[in-house]
Amino acid sequence: RNADARRPAMGRSAPAALATAALDPQLGAALLTCVAVLALKMGLLHALTARARFATENFMHVQDKAHLLAPLLKPLALAYKGLAIGDVYVFDKLEKNNAENEPFFILLMLVAGLMKAVPGELGATICTVYTYSRVLHSLTFVAMPYTGPELRTLSYLPGLVCILFTAGYVLNGAASSAKGEL
């Protein structure tokens, strides 16, 4: 056996600790919930974007107008009349915003959890706050033409604080690891 594998995680180098570490169960459950909720939100957003594109024929690519599945997808996308169509531009910007923020938080929290840089209960709370913040941000982003940007900004800030807080824990853990304290 490798002698490093028998040593406790606190005495190993950061890469070795990451390779063999497990997430705190509370943090793991919160992170999985965060990933699932954000994935469902993104899937719904893609469906709403497709609905708006079919309704307005505002496709990203000329070829999309001749899509072989369009005759099947368009009636499905437009079947429910009680739902407003929405603005393709707003949906595109929101999809980009989500793609620029959410994967990085998930990876950052995963690293923080594997490094044991953030305590499990605190990490779970950060994940929960981040998830609520991102869902609320998406709703206020879509409603922004009617409500103005202030609600969107207020719903974004808690998620940003979660990212900065977690990054601080990771950087502190990395510095401690470099000094041999982890």
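Reply: Leu151 is partly exposed, at a relative accessible area of 45%; buried means under 20%, exposed over 50%, and partly exposed in between, with a 1.4 Å probe and protein chains only. The model is predicted: local features need pLDDT of at least 70 and side-chain atom pairs pLDDT 80 or more, whereas totals for chains, interfaces and linings use all residues. Residues are numbered from 1 along each chain as its sequence is written, and side-chain values use heavy atoms, without hydrogens and water.

Leu151 belongs to helix α7, residues 149-178; helices are DSSP runs of H or I with at least four residues, numbered from the N terminus. Together with Leu154 and Leu157, Leu151 forms a nonpolar surface patch of about 280 Å² accessible area. The areas come from the Shrake-Rupley method with a 1.4 Å probe.

Helix α6 (residues 120-147) has a kink of about 40 degrees at Phe141, shortly before Pro145; the bend is the angle between axes fitted to the seven residues ending at a residue and the seven starting there. Gly148, with a positive phi near 90 degrees, follows α6.

As for cysteines, the whole structure contains zero disulfides, defined as pairs of cysteine sulfur atoms within 2.5 Å. Cys127 has its nearest cysteine sulfur, that of Cys34, 5.3 Å away, and Cys127 is buried at 0% relative accessible area. For Cys162, the nearest cysteine sulfur is that of Cys127, 8.4 Å away; Cys162 is buried at 7%.

How values were computed
Helices (H or I, at least four residues) and strands (E, at least two) are DSSP runs, numbered from the N terminus. Patches are made of residues with over 30% relative accessible area and no salt bridge: like charges are joined within 9 Å, nonpolar side chains (Val, Leu, Ile, Met, Phe, Trp, Tyr) within 5 Å. A salt bridge is a side-chain nitrogen of Lys or Arg within 4 Å of a carboxyl oxygen of Asp or Glu.
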